[in-house]
Amino acid sequence: MPQELLRLATAGSVDDGKSTLIGRLLFDSKTLFTDQLAAVERASRDRGEDYPNLALLTDGLRAEREQGITIDVAHRYFATPRRRFIIADTPGHLQYTRNMVTGASTADLALILVDARKGVLEQSRRHAFLASLLGIPHLVLCVNKMDLVGWSRERFDEIREEFRRFAMKLSVPDLTFVPVSALHGDNVVHRSTSMPWYEGVPLLHHLEEVHVASDRNLVDARFPVQYVIRRDDFRGYAGTLAGGVFKPGDEVLVLPSGLRTRVREIVAPGGRELAEAFAPQAVTIRLTDDLDVGRGDLICRPGNRPHSGQDLDAMVCWFSDRSTLAPGATYTLRHTTRETRAEVRSLDYRLDVNTLHRDESAAALALNEIGRVHLRTRQPVLFDPYRRNRATGSFILVDDTTNDTVAAGMITGAATPVVWHAATVTRDERPTRGLTVWLTGLSASGKSTVAAELERLLVAAGRPAYRLDGDNLRHGLNADLGFGAADRAENVRRVTAVAQLFADAGIVAIVSLISPYRADRAKARAAHEDAGLSFVEVFVDTPLEVCEARDPKGMYARARAGEIRGFTGVDDPYEPPVAPELVLRPGDGDPTTMASAILNLLDG
Ligand SMILES: Nc1ncnc2c1ncn2[C@@H]1O[C@H](COP(=O)(O)OS(=O)(=O)O)[C@@H](OP(=O)(O)O)[C@H]1O
Ligand SMILES: Nc1ncnc2c1ncn2[C@@H]1O[C@H](COP(=O)(O)OP(=O)(O)O)[C@@H](O)[C@H]1O
């Protein structure tokens with residue numbers, strides 16, 4: 001059996017062919033047992049159908065009890081020689097928001113199905129939004145029933161573009177499109193002969209290959225203690241790793257007490273001693289010193305602690321049809337292995353999942369609604385933001401009178417005790433409107449040159465504009481930063497904050513930063529969206545060979561000679577944007593022409 005596991009969440013209605021698609025995956029990858037196959041064939045014949053009706057394999061979802069609430073999520077298991085798979089399948093009925101939030105929160109990949117005839121529907125957008133809210137790093141849009149649109153490439157391209165435009169507003173780090181016919185098996189497991197124009201791989205191939213190992217958080221070691229095992233002179237702490245890696249000998253910190261000790265031994269459920277353990281393994285950890293550690297404590301590494309706080313900002317999805325969430329109410333908050341009372345201090349806004357509009361005047365959240373709240377807990381909570389760690393960043397709220405789980409939440413951060421001082425001047429009252437143009441690309445791709453041209457054109461036209469150039473800022477504001485992934489992320493975060501100030505002030509902020517990581521750029525975009533500011537991502541797509549031939553500062557030569565390590569494009573990654581507003585390629589003209597293309601976009 002292959003070791004690597006991919007958790008996959010599907011969502012959509014039966015009409016889109018989801019059940020048939022899952023059935024097809026199971027059927028063509030030959031993971032079905034022969035008696036199951038025979039039963040399907042028999043049932044299909046009885047119904048007078050020519051094909052084995054693969055939907056019969058996946059329909060009839062069982063209600064499951066999990067964490068005290070009934071959810072209709074069916075889990076299916078299959079394996080190929082490359083990987084093991086768990087499919088959490090959410091039915092497409094009204095309660096799906098709740099079901100998806102509970103069923104898909106640990107998924108590595110979300111698979112959204114659309115019918116090629118109908119295209120992108122409201123529910124496809126909703127699923128994509130939920131997938132991004134849940135932090136699912138990979139998204140696949142399967143355009144199904146391609147046979148019913150004559151295997152049309154134009155139709156596929158049209159749907160892809162429409163979806164891409166919507167996905168641009170979300171933070172989706174990886175988006176893939178596959179045209180399929182689940183009924184006939186085209187591009188599910190085997191390559192389609194009817195769509196020779198499709199250059200990608202069949203769905204299963206993608207599922208087998210998609211890189212998920214690096215999505216896991218192996219940095220922040222977190223072990224919430226579930227229970228204490230005491231037997232004679234044995235004392236161990238059982239639980240499930242919520243992040244990172246632990247090894248015998250590691251120095252560890254126990255929170256909230258703050259006591260330090262070392263890991264003496266790590267034992268797997270069968271009693272086998274482990275050389276190391278990583279999330280999401282369930283293990284028993286023994287410590288060198290006999291400390292007073294109990295359920296709800298958290299073991300981490302001394303240099304890397306979670307946040308501890310009583311004021312939390314969180315996105316919550318409301319599950320109850322018997323009550324609503326409203327400021328002032330208190331609930332039991334269950335977070336990792338801890339429980340504490342929590343009061344809803346404020347509802348900041350309710351989100352319309354279809355339009356992404358924020359309604360700040362909303363007074364409450366009803367069934368399936370999502371909104372941002374500020375919670376105040378009685379005991380401090382040891383957490384990480386959900387984006388960083390889905391296990392220590394999530395919680396559920398339980399209504400004490402009914403004992404119902406009424407909400408699931410994702411912590412966005414600590415609600416700071418610093419109060420935002422509102423201005424008396426509104427943006428509309430300023431003479432000009434600002435926004436951010438974000439140029440990303442390899443070193444020497446032409447970002448700075450195009451940015452300078454754009455600044456010149458804007459100022460000549462009487463529009464205030466100002467360049468924020470990575471190189472230049474690294475002389476001052478960012479002089480303390482290097483080029484490791486964490487420093488580049490911090491670089492992007494700071495420049496984002498500065499660009500927002502300029503844009504808020506009515507100036508066009510023109511950022512030119514390599515900004516090689518998709519996730520960092522997605523945060524820059526999200527921060528602008530949060531502040532109601534436009535963000536225009538421009539990918540200066542100059543191939544590495546061209547950049548290297550230009551090499552105006554001789555940096556590539558130095559990197560090739562080994563004088564500079566971790567140089568983007570040479571021995572450090574560059575992740576191209578998935579859905580930039582504009583792509584500039586060398587054939588598109590000189591820097592002035594390129595700058596004009598950006599200007600047209602701003603005016604358009
Ligand atoms: N290791 C390594 N990797 C990439 N770039 C390096 C490195 N070391 C120095 N330089 C020079 O720094 C410039 C990139 O800075 P940025 O702030 O744009 O980079 S990043 O966004 O933080 O990735 C970049 O300038 P530009 O050529 O203008 O892009 C490089 O000349
Ligand atoms: N559109 C373009 N066509 C041809 N050369 C360009 C173009 N834009 C920039 N260049 C040249 O490429 C080199 C690198 O440009 P620069 O703006 O410094 O890149 P970056 O800021 O991305 O590192 C410069 O020598 C510049 O003259």
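User: Which helices each supply at least two residues of the shell around ligand 2?

Analyst: Helices here are DSSP runs of H or I, at least four residues, numbered from the N terminus. In this case, α8 and α14 each supply at least two residues of that shell. Helix α8 gives the most, with four residues. This is a predicted model: local features need pLDDT of at least 70, side-chain atom pairs count only at pLDDT 80 or more, and totals for chains, interfaces and linings use all residues. Residues are numbered from 1 along each chain as its sequence is written, while chains are lettered from A and ligands numbered from 1 in the order in which they are written.

User: Which residues come nearest to ligand 2?

Analyst: A residue is near a molecule if its C-beta atom, placed from the backbone, lies within 6 Å of it. Around ligand 2 there are 15 residues, and G446, K447, S448, T449 and P552 come nearest. By class (Ala, Val, Leu, Ile, Met, Phe, Trp, Tyr, Cys and Pro nonpolar; Asp, Glu, Lys and Arg charged; the others, Gly among them, polar), this shell has five nonpolar, seven polar and three charged residues.

User: And how many residues surround ligand 1?

Analyst: Ligand 1 is surrounded by 20 residues, the closest being S443, G470, F483, R488 and I514. Both α9 (470-473) and α10 (485-504) supply at least two residues each to this shell. Its residues divide into eight nonpolar, seven polar and five charged.

User: Back to α8 and α14: at what angle do their axes cross?

Analyst: Axes are lines fitted to C-alpha atoms over the stretch in contact, with angles from 0 to 180 degrees between N-to-C directions. The axes of α8 (residues 447-460) and α14 (residues 591-603) cross at roughly 60° and come within 8 Å. In contact (C-beta atoms, placed from the backbone, within 7 Å) are T449, V450, E453, L454 and L457 of α8 with P591, T592, M594, A595, S596, I598 and L599 of α14. Eight of these contact residues are nonpolar, three polar and one charged.

User: How far apart are the axes of α10 and α11?

Analyst: The axes of α10 and α11 (residues 518-530) are 9 Å apart, and the helices pack at an angle of about 20°. So α10 is roughly parallel to α11. On the α10 side, R488, A489, V492, T496 and Q500 make the contact; on the α11 side, D520, R521, A524, A527 and H528 do. This contact has four nonpolar, three polar and three charged residues.

Terms used
Contact = placed C-beta atoms within 7 Å. Parallel < 35°, antiparallel > 145°, perpendicular 65-115°, else oblique.
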